[in-house]
Each structure stands twice: as structure tokens, then as C-alpha cells.
Amino acid sequence: MFFSFMTRYIFVTGGVMSGIGKGIATSSMGAILQGYGFNVTAIKIDPYINVDAGTMNPVEHGEVFVTEDGVECDQDIGNYERFLDKNIYSDNYMTTGRVYQAVISRERNLGYHGRCVEVIPHIPDEVIGRIKKAAKKTKADFVLIEIGGTVGEYQNLLFLEAGRMMRLKHPKEVLFVLVSYLPVPDIIGEMKTKPTQHAVRMLNSAGIQPDIIIARSKYPLDEPRKRKISLFCNIEKEDVISAPDIESIYEVPLNFERDNLGRRILKKLNLRSRKKGKGMKPWIDLIEKIHNPEGKVKIGIVGKYFDTGNFTLADSYISVIEAIKHACWFFKKEPELYWLSSEKYEKNFKSLNELKKLNGIIVPGGFGSRGVEGKIKTIEFVRKNKIPFLGLCYGMQLAVIEFARNVCGLKGAHTTEIDRNTKYPVIDVLPEQKINIRKKNYGATMRLGAYSCKLFKDTKSYEAYKKINISERHRHRYELNNDFREILEKNGLVTAGINPERNLVEIVELKNHPFFVGTQFHPEFKSRPLNPHPLFKAFVKACIKK
Ligand code: GLN
């Protein structure tokens, strides 16, 4: 058989323009289908040549998300995990580069038995093979496949072709959803459907007719607009789903359900609700909390990936931002986020005083030297002023450097990432990483994915997790240098968790401070709206107290 018996496949494509929330739409569709009692997984296809997102600048591409099994991927995988409240593994992520790499190396290994290997059909075949593999591994009833970019782009075609081929073979098991944008130009003051009509034509020319159109716009769709799209795009009116801008992305599943998206999908695929899930109740409860907060929590994120021209890209830190929100909502608080540029504090130390107005500070992950001294200054300030602090990866490393310099008296202590000849390399690379750096072997060679961590009792971290053995996701090359552990600990830096296999420090903390915790791993990748992360909860709790 071509694919496993019950699995249904829904391809999600984008029309008119990108960045209109296709990932959120896909995730929300998944949450709805889960609500009907189905097992859902989601796949992201990125049409670029990069083999993964690991080498990309976050300002250009947004955050690099990391899976349990250590793939550096698109942030939409993070959206799927947050909405579906489950782990998504590397099989569910493809790029053009990844697909070609696999086909080429199979060819080199005589895997095509001497035949001529062609773009068509071998590339779409490889894509279909990967989709099937993900379906089988996850035993999913539904596989949602989001094709990045927009229809009509040259890069998109081979993936659409894979979808077309699947639909041809299994017409009753494959659906196409188009997420399209309906602009409301100021000078016209009216919602325009024409770009969506063109997007459908474009999809048609790839041999695909959408079954459902999710109509993204500033406002809800009115009846005339729905009728127009129905008539000109060749779909039933009931299959035009209104998707206006709303305050919280987590309201999107409920919003789609107002237009019966779930039931329309089931009807088309001849399925009935299994009604064994909790339905949409958990989402309804969450939205209730979001809309009725009891006070605010002001949290600052000190970073450097915020400025791109006139736009501030919160995208670079999306998992951190979402994790803060999840924890705040858990305590029925409204998060108020402040994006603080570390470079500003470098130029003007006095401006650090503005941090006193905040309830807590996060220094997130990062790379390279820009803004580093500003972050170190920030950490010194929050340490001395007892402002709750959470350092994530680079944030933890810089906290160690600050402590070494200012408390242990190791003047000039640094990470060898920035100062290779520092007298006190308190943060340094592992020997195997030295080879990678020398050979410029940068792609997918960091310490990536889930590693275990053992917590020590009588620490804030243990108090937060309430267990000894935890596992968290990593993405870094440098580590706390164990040669300095003794002097750091003697001066009061607490090692709260280690990786038992390699004796690497995973968490540092301070006593006599309301909350000062730095983690070598990235807890933010595992926070979910319906399941906030314990460490973020502990941090926010301390922030509320301040
Ligand atoms: N640049 C640091 C390292 O490679 C931290 C990385 C991060 O924050 N993700 O170890």
C-alpha cells in the first residue's frame, strides 16, 4: 500500500504573500483535529537550499528552533510543538537542501541502481517518502504538511508536485488548504479578493485545486466576500474560513472553529469526530485567562537581534517570548515585555537604572561579541540589585563571566568564543569542538538537542522541577570550564545541575538572591501554552513577588 491505512494528509500552501500566519494556521488546524480526538503531526517544508536553519542569522530568518533529536529548524516547528503540545522530530522537517542532499548521496551509493536520476520524479518521490516516513513513525491520523513560501514561486513547485502526486494516487486521503491574504487598501477601504483569485489560478496551474481557503485579513470576512471567493475560486462558501487579525495567536483555533473548519475537514475526508479528546475546553480556559488578567508582570529581554531597519523582530526570540507568556498566564498575569538593546547599556551605563522598574530580566541565547559587554553589565546590575534573572545559554555563560570577573577577582575572564587568549577562559570549547572550528565545520556540529541533567537538592532549580533527573535541549559549542568550577563555587556560585555523562555544568545559581538562575540549555523550547515550563514558572513567580 502507498501509505498507512488511516492516515490523512493535508497540504497547507500560502497565497499572495508570506508571513501572514501560515504556521499558526497549520498549528491551529492541528489543535482542532486533536480536539476531535485524532492523533496529529505536522511537517514543515522550507524551500531554501540551506540544509537546516542552523547557519542562518536570526534577524533574517527568525529564531532557530531545536528539536529533541537535535535538528536546527524553522520556528514553525516550535509553533507545532506549542499548539499540539507534543514533540516534533527531525523527520518532520525538510528543506530543498536536505532533500537534494539525500537524493545525491543515494545516487553516489548506487541507490538508484544505475538509472538516470532526474529532478522529476526523484525529488518529489523523496519528498513523498519523507512524508510517509514521518506518518509511519508518529502513527498519525492526520499529517499536516506546510509548504513554506507562496504558490507561484519557482522554489515551491517540486513540493506542490509531490502533493499533486499524492492526491492523484489517493484522492480521498489528501486535502489542500490555501492560506491567503485579503488586503484592505486604505485608499479603497474595501477588502479585495482578487489577489486570492490569482493565487488559486497559480495553484491550479500546478494541477491543484484547494479544498479550503483560509482567508487572512485585518477584518472578518463578510458574506459578499465569501460568496465572491466561492464563485471565483471554485469552492463552496462554507469552505471559506474567515481568519481576521486577533490579539492572541492561541485564539486562532477557536476562531477557526467559529467557521466550522474542523467539521468541514472531517466531512471532506469522510470521517467522524472521535469525541474522546477534551475538545477545545483547554483552549477556551486558556483564552479566558488571557483575557482576564489580574495584574501585570514587566519583564525585560536584553538582546541584540531586535533591529532590522525600521522593524523590530520579536521573531528572533519567539520561544523565549512565548515561554514568558505561558508562565505569566499560568499565574493569571498579563506579561508586559520590554525589548532592551544590550548595545545601549554598553554606551551608557547610567541607563541601566531603568531596569529597576522591571520585575525581572532575561538574557537569552546568542553568538559573537556584539553587545556582550552590555549584557555583562546588565547581569552585574541585576545581581547587585536583586532583580530576578534568568540567563539562557549565552545568558548563563555571561553570568559566569560576570561572576568570575567581579566576585572571584579573575580580571579579564572571558569565553574563548570572544577572547581566545584570555588568561581566565571560564567558558571554553570541548576538545572535539576545536576540530570543528578549525575545519570550519559549522553546520549541525554544536551540542544539539536533548541531554540529561541531574539536579542537586536544595537549589532553586530543584524546587522548580521537583525532580532530580531532567532533560533539556541544547544549542551551543562552549561550556563552563571545569578548571574554574572550584574557584567559582568557593565564591558562592552554586552548581545546581550537571550532565552526568560528561560532568558538564548545566545550571548555575546564586543564593541570597530572589532568583538568579542561568541554564546552559534552552528551557524555552519546551514550554507550551497548556503546559508552561517549570523554570519559567519559577522565574515569573519571583518576578511577581518583586
Ligand atoms: N555562543 C554560545 C555557544 O556557542 C551560546 C550559544 C547560545 O546561546 N545558544 O556556546
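Trainee: Which helix holds Gln75?

Mentor: First, this is a predicted model: local features need pLDDT of at least 70, side-chain atom pairs count only at pLDDT 80 or more, and totals for chains, interfaces and linings use all residues. Residues are numbered from 1 along each chain as its sequence is written, and side-chain values use heavy atoms, with hydrogens and water left out. Helices are DSSP runs of H or I with at least four residues, strands are runs of E with at least two, and both are numbered from the N terminus. Gln75 falls in the run covering residues 75-84, which is helix α3.

Trainee: Is Gln75 buried or exposed?

Mentor: The call rests on relative accessible area, using a 1.4 Å probe and protein chains only: under 20% is buried, over 50% is exposed, and partly exposed is in between. Gln75 has a relative accessible area of 9%, so it counts as buried.

Trainee: Tyr80 next. What is the relative accessible area of Tyr80?

Mentor: Tyr80 also has its place in helix α3. Leaving out residues up to four places away in sequence, it touches Gly23, Thr26, Ser27, Ala42, Ile43, Lys44, Asp85, Ile88 and Glu146. Tyr80 is buried because its relative accessible area is 0%.

Trainee: How many Å separate the C-alpha atoms of Tyr80 and Ala42?

Mentor: Ala42 is among the residues that Tyr80 touches. The two are 38 residues apart along the chain, and their C-alpha atoms are separated by 6.6 Å.

Trainee: Where does the side chain of Thr422 reach a backbone oxygen?

Mentor: Thr422 lies in the loop between β16 (414-415) and β17 (425-429), and it counts as buried because its relative accessibility is 9%. A polar contact is a pair of N or O atoms within 3.5 Å; within protein, one must be able to donate a hydrogen and the other to accept it, and residues adjacent in sequence count only if both atoms are side-chain atoms. The Thr422 side chain reaches the backbone nitrogen of Tyr424 at 3.1 Å. The backbone oxygen, reached at 2.9 Å, belongs to Gly412.

Trainee: Which loop is Met446 in, and is it buried or exposed?

Mentor: Met446 lies in the loop between α16 (431-438) and β18 (447-455). Setting aside neighbours within four places in sequence, it is in contact with Glu72, Phe367, Gln433, Arg475, His476 and Arg477. With a relative accessible area of 13%, Met446 is buried.

Trainee: What relative accessible area does Ile208 have?

Mentor: Ile208 has its place in the loop between α7 (194-205) and β8 (212-217). Ile208 is buried because its relative accessible area is 3%.

Trainee: Which peptide bond is cis, with omega near 10 degrees?

Mentor: Look at helix α5, residues 119-138, where Pro121 has its place. The cis bond runs from Ile120 to Pro121.

Trainee: Zooming out, what radius of gyration does the protein have?

Mentor: Its C-alpha atoms fill a box of roughly 75 × 60 × 50 Å along the principal axes. The radius is taken over C-alpha atoms, and the globule rule is 2.2 Å times the number of residues to the power 0.38. For 546 residues a compact globule would be near 24 Å, which agrees with the protein's 25 Å.

Trainee: How much of the protein counts as buried?

Mentor: The protein has 19 helices and 23 strands. Among contacts between residues at least 6 apart in sequence, 73% join residues at least 24 apart. Of the 546 residues, the buried share is 58%.

Notes:
Contact = heavy atoms within 4.5 Å.
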